[in-house]
Amino acid sequence: MKTVLKIGAGLFGAFFTLMGLRWAFDPSSAAESLGMVLLDGNALSTQIGDLGSFFITVGVMTLIGVITQTRHWFYAPSMLLLVAALYRSLATLMYGAPFALSSIIIEVVVGLFLIVTGSRISKDS
């Protein structure tokens, strides 16, 4: 079971890391893959900086957690994903944004998976 969890977390970590790198090296395709247009001016800086850092942080911290088998490395990426799902929901409830169900499901499932994985594969448990 530990091996399956490590492989799953490793794949999620690799995916998020690669997505973060796309924001650095090919932001237009990264934006398009998320259903976004690439902005301009200061908004472009914010878009690349915030989304790139989000994906790199989730990915790298997850990979560090898998490699070190240390529970706390899974907490921050999990929190980032779960809070993103919360804010997507708030965007719908408070501002009329379309309800992004598929994105919310992915964020909640991966976020909860990382919490479970950290507790199950951790050497300090």
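Predicted model: local features only at pLDDT ≥ 70, side-chain atom pairs only at ≥ 80, totals over all residues.

Residues are numbered from 1 along each chain as its sequence is written, and side-chain values use heavy atoms, with hydrogens and water left out.

The axes of α1 and α3 lie 7 Å apart, and the two helices pack at an angle of about 155°. Axes are lines fitted to C-alpha atoms, for helices over the stretch in contact, and angles run from 0 to 180 degrees between N-to-C directions. Helices are DSSP runs (H or I, at least four residues), numbered from the N terminus. α1 and α3 are therefore roughly antiparallel to each other (an angle over 145 degrees).

On the α1 side, the residues that meet α3 include Phe16, Met19 and Trp23; their partners in α3 include Leu51, Phe55 and Leu63. By class, this contact of α1 with α3 has 14 nonpolar, 8 polar and 1 charged residues. Ala, Val, Leu, Ile, Met, Phe, Trp, Tyr, Cys and Pro count as nonpolar, Asp, Glu, Lys and Arg as charged, and the others, Gly among them, as polar.

## Packing of α4 and α5

The axes of α4 and α5 come within 8 Å and cross at roughly 155°. That makes α4 roughly antiparallel to α5. Among the residues making the contact are Pro77, Ser78 and Leu81 of α4 and Val108, Leu114 and Ile115 of α5. The residues of this contact divide into 11 nonpolar, 4 polar and 2 charged.

## The nonpolar core

The largest nonpolar core has 17 residues. Such a core is a set of buried Ala, Val, Leu, Ile, Met, Phe, Trp, Tyr and Cys residues joined through side-chain atoms within 4.5 Å, where buried means under 20% relative accessible area with a 1.4 Å probe, protein chains only. Phe16, Phe74 and Leu114 are among those with the most contacts inside this core. α1, α2, α3, α4 and α5 each supply at least two of its residues, and the largest share, 5 residues, comes from α1.

Leaving aside neighbours within four places in sequence, Leu114 is in contact (heavy atoms within 4.5 Å) with Ala9, Thr62, Phe74, Pro77, Ser78 and Leu81.

Gln69 lies in the loop between α3 and α4. Although Gln69 is not a glycine, its phi is positive, about 55°.

Arg120 is found in helix α5. Its C-alpha atom is separated by 8.5 Å from that of Arg71, 49 residues apart along the chain. Leaving aside neighbours within four places in sequence, Arg120 is in contact with Lys2 and Leu5.

Technical notes
Buried < 20%, exposed > 50% of the residue type's maximum accessible area, 1.4 Å probe, protein only. Parallel < 35°, antiparallel > 145°, perpendicular 65-115°, else oblique.
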